[in-house]
Amino acid sequence: MGDEPVNVKEYQILAKQALPKMYYDYFAGGSEDQHTLRENVAAFQRITLRPRILVDVSKIDMSTTILGYKTSAPIMIAPTGMHKLAHPEGEVLTAKAAAACDVIMGLSFMPTCTIEEVASSCNAIRFFQLYVFKRREISALMVKRAEANGFKAILLTVDTPKVGRREADIKNKMIAPQLKNFDMSTEVDDSGGSKLEAFAARSFDPSLSWKDIAWLKSITKLPVLLKGVLTREDAVKAIEVGVEGIIVSNHGARQLDYVPATINALEEVVLAVQGRVPVLFDGGIRRGTDVFKALALGAQAVMVGRPVVFGLTTKGEYGARRVIEMLKDELELTMALSGCPTLSDITRNHVRMQSDNRHCRM
Ligand SMILES: Cc1cc2nc3c(=O)[nH]c(=O)nc-3n(C[C@H](O)[C@H](O)[C@H](O)COP(=O)(O)O)c2cc1C
Ligand SMILES: CCCCC(=O)C(=O)O
């Protein structure tokens, strides 16, 4: 492989060479058998494209708005924890990469830079991901700080009442780095397993339930999106409790193993939502064709997790930027070769899933 990666998967190979095993395993890994981890990527490979020909594609427009905020493409940076384990400057560089690409960044509740450092580093449009701690005042204060620092939405992660069983982290005795974002020690007793998991077990509130959405909405004016919806039942409930958006996600296959690949759950949710709120998507996006497939199945935009972290690991801000640029370039080419000059030209008819009508041979 030459020095300069030609696709985002090559950044993962470089990151594996560059990182200590404990950190690489934390970033790359999934839970238990890692069945869903493989499926998140493999399910995209089972979806084929149905391109249309002889359309004028001399101009391709990928720009759109997400919750009213302009973005150069329907691609966002997913919130992922602890970027200083990937690069000494951490989330500040990720934010700069988002700003350079004119895409929206999701900041994790567990970053290694503070909300204020990230906010003052550049003018990227940012959404804030929220975990609810047993000490609710900590989470409430984070929401206030995010709001005060110009974050535009709250992404409430709802698939993590407890942290999934990530066996590599258990074996590696994964550390829980001091997170200077909140005034709370991450010190835990050495139980022999993942200290990160032990910290989460001590601090995350597993009693969080539907009634708490009203609490969250009462403490912020920002739109609230639920991150981690996989079923039509929960999509309908989410709309009933008044959320402003839904993110179809299985947390990058790090939580419950044997849930479906997110691309296989997307359409069920989209059909239940019936356009009432935006549906975003993450999990397994590694190619522009993957972005195109998610849009064809009804996502308004996709978020990208691991590839951005691996870009950051190997080449800092430049690497994170290149990852987004490569996905944008690939999406642009996919749109051209499929006869879709704008995002609204991408329809369900442009993809074929294995479950679709068997008479169609494409
Ligand atoms: C290393 C890592 C850390 C993550 N940390 C968080 C987090 O703090 N909060 C959260 O809601 N999701 C977190 N996620 C899940 C991502 O937001 C996203 O759902 C997932 O990475 C998408 O899958 P992909 O990595 O295949 O793109 C994390 C994922 C990874 C890989
Ligand atoms: C304890 C959770 C840490 C952040 C996270 O959500 C993840 O690693 O997936």
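This is a predicted model: local features need pLDDT of at least 70, side-chain atom pairs count only at pLDDT 80 or more; totals for chains, interfaces and linings use all residues.

Ile-246 and Val-269 are the residues with the most contacts inside the largest nonpolar core, which has 114 residues. Helix 13, residues 306-338, gives the most to this core, with 11 residues.

Strand 6 covers residues 126-130 and is mostly covered, since five of its five residues count as buried. From this strand, Arg-126, Phe-128 and Leu-130 point one way, while Phe-127 and Gln-129 point the other way, and all are buried. Strand 6 pairs with strand 5, residues 105-107, in the parallel sense over three bridges, and within this pairing Leu-107 stands opposite Phe-128. Strand 6 also runs parallel to strand 7, residues 154-157, to which three bridges join it, and here the bridge partner of Phe-128 is Ile-154 in strand 7.

Two ligands come next. Ligand 1 is surrounded by 24 residues, of which the closest are Ser-108, Thr-157, Gly-252, Gly-305 and Arg-306. By class, the shell around ligand 1 consists of eight nonpolar, 12 polar and four charged residues. Around ligand 2 stand Gly-81, Met-110, Val-163, Leu-196, Ala-200, His-251 and Arg-254, and this shell divides into four nonpolar residues, two polar residues and one charged residue.

Helix 12, residues 288-296, is largely enclosed by the rest of the structure, because nine of its nine residues are buried. Just after helix 12, Gly-298 takes a positive phi of about 110°.

The loops remain to be considered. Asn-181 lies in the loop between helix 7 (167-172) and helix 8 (195-203), and Asn-181 counts as buried because it has 22 C-beta neighbours inside 10 Å, where 20 or more are required. Leaving aside residues up to four places away in sequence, Asn-181 touches Pro-111, Thr-114 and Ile-115. The C-alpha atoms of Asn-181 and Ile-53, which are 128 residues apart along the chain, are separated by 52 Å.

Gln-34, found in the loop between helix 2 (21-28) and helix 3 (35-45), has a positive phi of about 55° although it is not a glycine. With 18 C-beta neighbours inside 10 Å, Gln-34 counts as partly exposed. Asp-102, found in the loop between helix 4 (91-101) and strand 5, has a positive phi of about 60°, and it is not a glycine either. Asp-102 has 15 C-beta neighbours inside 10 Å and therefore counts as partly exposed.

Definitions and conventions:
Residues are numbered from 1 along each chain as its sequence is written. Chains are lettered from A and ligands numbered from 1 in the order in which they are written. A nonpolar core is a set of buried Ala, Val, Leu, Ile, Met, Phe, Trp, Tyr and Cys residues joined through C-beta atoms within 7 Å. A residue is buried if 20 or more other C-beta atoms lie within 10 Å of its own, exposed if 12 or fewer, and partly exposed in between; C-beta atoms are placed from the backbone. Helices (H or I, at least four residues) and strands (E, at least two) are DSSP runs, numbered from the N terminus. Two strands pair if DSSP finds at least two bridges between them. A residue is near a molecule or strand if its C-beta atom, placed from the backbone, lies within 6 Å of it. Ala, Val, Leu, Ile, Met, Phe, Trp, Tyr, Cys and Pro count as nonpolar, Asp, Glu, Lys and Arg as charged, and the others, Gly among them, as polar. Two residues are in contact if their C-beta atoms, placed from the backbone, lie within 7 Å.
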